[in-house]
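This briefing is meant to be read with the sequence and the 3D view side by side. Please look at both before going through the points below.

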Amino acid sequence: MRQDALFIDFQFGDTVAEILPLTLYYTGRNQLPVLFDYVKEPGLHTFVRTYVFTAIAFIAINEPTRRDEVIEWFRNVIHFYIENVYNPEVYDGNLAGMMMNDLIDMKAKELLPEIKQLFDMGQVNEIEAGDYESISEEMNSDISSLSEYKLLTIYERYEEYKAQWG
């Protein structure tokens with residue numbers, strides 16, 4: 001995950017979104033400090049870094065007793081990004097926008113003050129997840145679709161991969 005975009009595209013292509021998040025969940029779900037250090041690391045590929053957010057969302061959604069731990073992890077990430085919002089080596093608006101999608105799926109209402117602070121700085125790509133008001137509205141709605149956070153065994157993953165990609 002520390003490789004450049006060319007490596008990721010060559011090795012994974014369009015399948016990266018199906019492979020990395022669940023793999024990271026299984027291998028990193030008890031390594032939150034390591035994953036926190038990773039998302040803070042300078043110079044990493046933005047889109048690969050976002051798969052860590054999805055993996056952490058897997059924890060909150062599939063292990064509800066750990067939700068508070070995950071919320072605190074995201075709170076620390078957002079605070080780090082607020083402090084480094086103008087440092088392109090560790091932060092960009094696409095990264096924050098894509099993180100919002102996982103926070104919406106988690107219904108992470110507890111983080112709305114921090115999210116608003118990030119949006120108020122004008123450094124979140126709203127094309128990725130919408131503006132602050134729409135994010136707040138989605139987090140407070142009863143509608144949710146968590147099918148992408150379904151835990152699959154390695155065999156189930158292979159069958160889904162084979163069905164989709166041949």
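A5 is found in helix α1, which covers residues 5-12; helices here are DSSP runs of H or I with at least four residues, numbered from the N terminus. At 30% relative accessibility, A5 counts as partly exposed, because buried means under 20% relative accessible area, exposed means over 50%, and partly exposed lies in between, with a 1.4 Å probe and protein chains only. The C-alpha atoms of A5 and T46 are separated by 9.1 Å, although the two residues are 41 residues apart along the chain.

This is a predicted model, in which local features need pLDDT of at least 70 and side-chain atom pairs count only at pLDDT 80 or more, while totals for chains, interfaces and linings use all residues. Residues are numbered from 1 along each chain as its sequence is written, and side-chain values use heavy atoms, with hydrogens and water left out.

**How the helices pack**

- Two packed helices are described by the angle between their axes and the distance between the axes.
- The axes of helix α4 (residues 46-62) and helix α6 (residues 93-106) come within 9 Å and cross at roughly 15°, where axes are lines fitted to C-alpha atoms, for helices over the stretch in contact, and angles run from 0 to 180 degrees between N-to-C directions.
- That makes α4 roughly parallel to α6, because angles under 35 degrees count as roughly parallel, over 145 as roughly antiparallel, 65 to 115 as roughly perpendicular and the rest as oblique.
- On the α4 side, the contact (heavy atoms within 4.5 Å) is made by residues including F47, F53 and I61, and on the α6 side by residues including L95, M98 and M106.
- The residues of this contact of α4 with α6 divide into 9 nonpolar, 4 polar and 3 charged, where Ala, Val, Leu, Ile, Met, Phe, Trp, Tyr, Cys and Pro count as nonpolar, Asp, Glu, Lys and Arg as charged, and the others, Gly among them, as polar.
- Helix α6 also packs with helix α9 (residues 132-139), their axes coming within 8 Å and crossing at roughly 25°, and the two are therefore roughly parallel to each other.
- The crossing of α6 and α9 is right-handed, and in it M100, L103 and I104 of α6 meet I135, E138 and M139 of α9.
- The residues of the contact of α6 with α9 divide into 5 nonpolar, no polar and 1 charged.
- The axes of α7 and α9 come within 10 Å and cross at roughly 165°, and that makes α7 roughly antiparallel to α9.
- Helix α7 passes α9 in a right-handed crossing, with the contact made by L112, I115, K116 and F119 of α7 and Y132, I135, S136 and M139 of α9.

**Buried leucines**

- L112 is found in helix α7 and is buried, with a relative accessible area of 10%.
- Not counting residues up to four places away in sequence, L112 touches Y132, S136, M139 and N140, and its C-alpha atom is separated by 8.9 Å from that of M139, which is 27 residues away along the chain.
- L118 also lies in helix α7, and it is buried with a relative accessible area of 0%.
- Leaving aside neighbours within four places in sequence, L118 is in contact with residues among them I78, I82, V85 and M100.
- L35 lies in helix α3 (residues 32-40), is buried at a relative accessible area of 9%, and touches G28, V52, I56 and W73, not counting residues up to four places away in sequence.

**Backbone details**

- Most residues other than glycine have a negative phi.
- K107 has a positive phi of about 55° although it is not a glycine, and its place is in the loop between α6 and α7 (112-120).
- At 16% relative accessibility, K107 counts as buried.
- The 12 residues of helix α10 (residues 154-165) should span 16 Å at 1.5 Å a residue, and the end C-alpha atoms are 16 Å apart, which agrees; the expected span is 1.5 Å times one less than the number of residues.
- Just after α10, G166 takes a positive phi of about 75°.

Note on methods: Left-handed = near helix turned anticlockwise from the far one by under 90°.
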